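Hi,

Here is the structure I promised to pass on to you.

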Amino acid sequence: MKKIISLLLAIMLVATFGVFAMASSDSEGGTADQGNGSVGNEEIGDYSVVIESCRLSKDYSGKPVVIVKYIFTNNNSDESTSFSTAFDEEVYQGGVGLNEAFMVDKSANYESDAQYKDIKKGSSIEVEVAYDLNDTTTDIEVEVQELFSFDDRTITKTFSIAK
């Protein structure tokens with residue numbers, strides 16, 4: 001549902017600011033690959049994010065999930081912003097995108113609400129997002145991009161989740 005709303009907002013934004021899209025098409029983009037074990041504070045537009053860690057857990061029916069922890073900082077000079085409206089994050093396992101898990105077992109000590117909390121400029125928050133796994137042995141790759149941007153900068157980090 002989050003992705004659908006985000007997509008609709010992006011389409012409206014592009015339609016409204018189409019002229020700016022043409023002017024901004026020459027901006028340089030890049031990829032910051034943090035690799036295994038490397039943690040850095042990466043700037044994306046008016047925000048910064050750290051793909052900090054991940055941990056295995058289970059959903060309510062006992063199927064495996066991975067919970068990815070991000071540190072989100074709002075450097076935007078405008079209004080407060082939430083992680084879910086600032087970034088589009090994707091998690092892949094073996095090159096296949098993982099779906100967000102919504103019903104995580106209570107023993108996981110998982111709090112999904114932080115991704116929707118607005119934070120003011122200069123503030124940071126820990127955000128955890130759970131994803132359904134295909135298996136518990138194949139590495140996962142996390143990718144984060146700014147949600148509403150003409151810059152294609154992507155931050156990636158790979159985690160080994162094998163037990």
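Predicted model: local features only at pLDDT ≥ 70, side-chain atom pairs only at ≥ 80, totals over all residues.

**Salt bridges**

How many salt bridges does a search of the whole structure find? The count comes to four, and I'll walk you through some of them.

Start with Arg-153 and Glu-42, whose side chains meet in a salt bridge at 2.8 Å from N to O. Arg-153 sits in the loop between strand S8 (140-146) and strand S9 (154-159), while Glu-42 belongs to strand S2 (residues 42-44), so this pair ties together parts that are 111 residues apart in sequence. Are the two partners buried or exposed? Arg-153 is partly exposed, with a relative accessible area of 21%. Glu-42 counts as buried, because its relative accessibility is 18% and the cut-off for buried is under 20%.

Next, find Lys-69, which has two partners to look at. One of them is Glu-52, with the closest N and O atoms 3.1 Å apart. Here Lys-69 is in strand S4 (residues 64-74) and Glu-52 in strand S3 (residues 47-58), so the bridge ties together parts that are 17 residues apart in sequence. Lys-69 has a relative accessibility of 18%, so Lys-69 counts as buried. Glu-52, at 28%, counts as partly exposed.

The other partner is Glu-126, and in that salt bridge the closest N and O atoms are 3.6 Å apart. Glu-126 lies in strand S7 and Lys-69 in strand S4, so this time the parts tied together are 57 residues apart in sequence. Glu-126 is partly exposed, with a relative accessible area of 49%.

**Aromatic rings**

The structure holds six aromatic pairs. Take Tyr-47 and Phe-72: their ring centres are 5.9 Å apart and their planes stand at 45°, so the pair is tilted. Tyr-47 is in strand S3 and Phe-72 in strand S4, so the pair ties together parts that are 25 residues apart in sequence. Tyr-47 is buried, with a relative accessible area of 8%, and Phe-72 is buried too, at 0%.

Then look at Tyr-70 and Phe-83, an aromatic pair that is also tilted, with 4.9 Å centre to centre and 35° between the planes. Tyr-70 comes from strand S4 and Phe-83 from helix H3 (residues 83-86), so a strand and a helix are tied together, at positions 13 residues apart in sequence. Tyr-70 and Phe-83 are both buried.

Which residues do the ring pairs link into a cluster? They are Tyr-47, Tyr-70, Phe-72, Phe-83 and Phe-87.

Last, go to Asn-109. Its phi is positive, at about 50°, although Asn-109 is not a glycine. Where is Asn-109? You'll find Asn-109 in the loop between strand S6 (96-97) and strand S7 (124-132). Asn-109 is exposed, with a relative accessible area of 67%.

Cheers

Methods
Residues numbered from 1 in each chain as written. Heavy atoms only, no water. Helix = DSSP H or I, 4+ residues; strand = E, 2+ residues; numbered from the N terminus. Buried < 20%, exposed > 50% of the residue type's maximum accessible area, 1.4 Å probe, protein only. Phe/Tyr/Trp six-rings, centres within 6.5 Å; stacked < 30°, edge-to-face > 60°.
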